[in-house]
Amino acid sequence: MILPGLSFREPMLSDADAVRFCTRRVLQSDLSFANIYLLKKKYGTEIVFHMEHLIRHFPGDGRLRGYTFPISGAAIEDALPCLRAIENDAKARGEALRFCLLAEEQVDYMRSIYGDKMVVNQDDGDADYLYKRESLASLPGPRFHKKRTHINAFLKKNSHTVFRELSTANREDALHIASAWLRAQDESPALHHEYRAIENALQHMEQLQMGGGIVYVRGTPIAMALYSQINEYVTDIHYEKCVPEFRDAYAFINREIAASVNTEWLNREEDLNIPGLRKAKLSYYPTLISRKYTATIYAD
């Protein structure tokens, strides 16, 4: 007999505290409440809180598909009853039992349960790039010589440059920068999703606990960044955008944002297998590349 499935639903702003309680010990950017909420339309995200664990489900056929490992902040073994509930939910839906966005330790634990019935895959494009905040704020030593030179050249060229933290008073300036960035891109549904997420983040910045910064040159806003804290240890850098004429401002705003937050870690998210983005993230010498896995569980 197949029991009724789990009661998944769309994430809401009112879920913020419950999500943050469950994710108080994680590093992954996909577990940032801001990402869960802002990207819900793009990925069709559904969530449920079951036995004090957060479980997500992605119903689509795209990059994200299936369930995520149950998260609570407690010992990984506590997730076993939730995994059994997920198995039943997949049966109730008539779906294969698939998981995505799995951390390595979650894969190891699931192998102890499912053994050879579990087939695992990994895509480097899904991996998070994590850095020690202090390293990006100070850019120390020979390895960051080019970054420091780049920033100094930008400031010399643009002598009237000011960095200001994001607030409700200047969030329209951030949206102006995002609009200028979008107009310069090739037409793409994914980029329009990204712009709408930025727009939504700025509209709900208080509820999402978004922070950020804006760079002004001679009073004109030319670069912006948005971030949120995943928990007390990790800040997730969601978006960095420059107007087309000031693409050389990225290194400067990267440094200023790192100097303005107070967590030990910065998560600069995935590179999605985009060569230029991968090169840029590697050029800051990540302390940790946190890989994510997909898994399919096959019946006996």
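How do the residues of the lining of the second largest cavity divide into nonpolar, polar and charged? They divide into 4 nonpolar, 3 polar and 1 charged. This is a predicted model.

**Cavities**
- A search of the whole structure finds 2 cavities of 30 Å³ or more.
- The largest cavity has a volume of about 40 Å³.
- R63, L64, C100, L101, D126, K292, Y293 and T294 line the largest cavity.
- β4 (97-102) and β13 (293-297) each supply at least two residues of that lining.
- The lining of the largest cavity divides into 4 nonpolar, 1 polar and 3 charged residues.
- The second largest cavity holds about 30 Å³ of space.
- Q28, L31, R56, T68, F69, I71, L101 and Q106 line the second largest cavity.

**Helix α9**
- Helix α9 covers residues 189-203, 15 residues in all.
- From its first C-alpha to its last, α9 reaches 21 Å, close to the 21 Å expected at 1.5 Å a residue.
- Y195, A197, I198, A201 and L202 of α9 are buried.
- Seen down the axis of α9, these buried residues fall within an arc of 160°, so they line one face of the helix.
- An α-helix has 3.6 residues a turn, so residues three or four places apart point the same way.
- P189 and Q203 are exposed on the other side of α9.

Technical notes:
Residues are numbered from 1 along each chain as its sequence is written. This is a predicted model: local features need pLDDT of at least 70, side-chain atom pairs count only at pLDDT 80 or more; totals for chains, interfaces and linings use all residues. Side-chain values use heavy atoms; hydrogens and water are left out. Helices (H or I, at least four residues) and strands (E, at least two) are DSSP runs, numbered from the N terminus. The expected span of a helix is 1.5 Å times one less than its number of residues. Buried means under 20% relative accessible area, exposed over 50%, partly exposed in between (1.4 Å probe, protein chains only). The arc is that of the directions from the helix axis to the C-beta atoms. On a 1 Å grid over the protein atoms alone, a cavity is a set of points where a 1.4 Å probe fits but cannot get out, and a pocket is an open set with protein on both sides within 12 Å along at least five of seven lines; lining residues have an atom within 4 Å of a point. Grid points are joined across faces, edges and corners, and a volume is the space filled by probe spheres set on the points. Ala, Val, Leu, Ile, Met, Phe, Trp, Tyr, Cys and Pro count as nonpolar, Asp, Glu, Lys and Arg as charged, and the others, Gly among them, as polar.
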